[in-house]
Amino acid sequence: MPHVAVRRCGPRVAPVLATAVALLLAAVLCSLLLAPGAFAAAPPIPGSPLDAYDKNVPYDVGAHKLARLAALIAYALMVATVVLGVVLRLRFMQRAVNRATFYGAHMTLALSAMIFGGIHGLTFIYQPVWQIGWTRLTVPFTGGVQRIPVGFGILGTELAIAVGCSVWLQRRLGYHRWLRVHQLAYVSFGLIWLHIFLVHPEPRHLNLVSVGIAAGAGTILLAFLIRALPSRSRLRRRGFPGGAGAVE
C-alpha cells in the first residue's frame, strides 16, 4: 500500500528552544545577582565622574554625553538592522515591499550602526580617566579600565564589521557559507549586550534606558526564534522533498 514519507523535524526544534530558555534564565540570574542593592556600598565605578574625582583626574562631561548618545543610537540601529534582516527572509513581507528596498534599508541601517558605534568608542580617547589609546581601542581585552566589559564591546563591534564586510565575499564563499558567517551578527549583538549590561549599572536599574535595552534584547530574541524555527513551508519541503509528496 503506498504511503507518504515524512521527515520529522521535532528534535531540531528542541535544542533551539532550550538555548533560548537558557539565555533568558541567565539574563534573569544576572539581573538578580547584580541588583541595585548590591552596589550600595561598592566603590566608584571605574571611569565614572566620581572615579575621576577620587583620582584627581579631569572629566569631560561633553565627551560623556556624546558617548552615551552615540551608544543609544547605535544600539537602536543595531536592533533595527537585525529585525530588518529577518524581515528579508519572510515571504509575505516581500509581496508588499520590493526586496531591493528592504535590502538597501538593511545595509544603510547596518552601516549607520557601525558608524555610531565607532563614534562611541572614539569619544573615550578624549576622556582622561579611561586612559584608552588606539591599541586598547582596537585590541579586545587589553584596556586597563573595565577590561572585560570593554573587551566585549570591542570584540562585538569588530565582529559586526566583519559580518558587514563579508557581503563583498558572498560570491567567493557561496551563499550558504556566507549565510553562516552573516548569522554571526547574533553573536555580535550578544557581546555588545554584555558590554552594555556590565560596563555601567544604568541598564540594571528600572528606567527608560533599561526598558529600551531590555525591549531591544527581547526583539532580537524573537527575531532569532522566527529565523531559527522552521516555518510551515520549510517543514513541508522537508517532509516532501520531491514536491507535493513522495510516494514509495
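Me: Where in the protein chain is confidence lowest, and where highest?
Reply: This is a predicted model: local features need pLDDT of at least 70, side-chain atom pairs count only at pLDDT 80 or more, and totals for chains, interfaces and linings use all residues. Residues are numbered from 1 along each chain as its sequence is written, and side-chain values use heavy atoms, without hydrogens and water. Confidence is lowest in helix α12 (residues 232-239), at a mean of 48, and highest in helix α7 (residues 147-165), at 93. The scale, pLDDT, is the predictor's confidence in each residue, from 0 to 100. The chain mean is 79, and 74% of residues reach 70 or more. Over residues 1-14 the pLDDT is below 50; beyond near neighbours in sequence, the stretch has 21 contacts in the model.

Me: Why are α3 and α11 called roughly parallel?
Reply: Helix α3 (residues 61-87) and helix α11 (residues 208-228) pack at about 20 degrees, with axes 9 Å apart. Angles under 35 degrees count as roughly parallel (over 145 roughly antiparallel, 65 to 115 roughly perpendicular, the rest oblique). α3 and α11 are therefore roughly parallel to each other.

Me: What makes H106 buried?
Reply: H106 lies in helix α5 (residues 99-122). Buried means under 20% relative accessible area (exposed over 50%, partly exposed in between; 1.4 Å probe, protein chains only). H106 has 9% relative accessibility, so H106 counts as buried.

Me: Which residues is H106 in contact with, leaving aside its neighbours within four places in sequence?
Reply: T81, L84, G85, L88 and H182. Contact means heavy atoms within 4.5 Å.

Definitions and conventions
Axes fitted to C-alpha atoms, helices over the stretch in contact; angles between N-to-C directions. Helix = DSSP H or I, 4+ residues; strand = E, 2+ residues; numbered from the N terminus.
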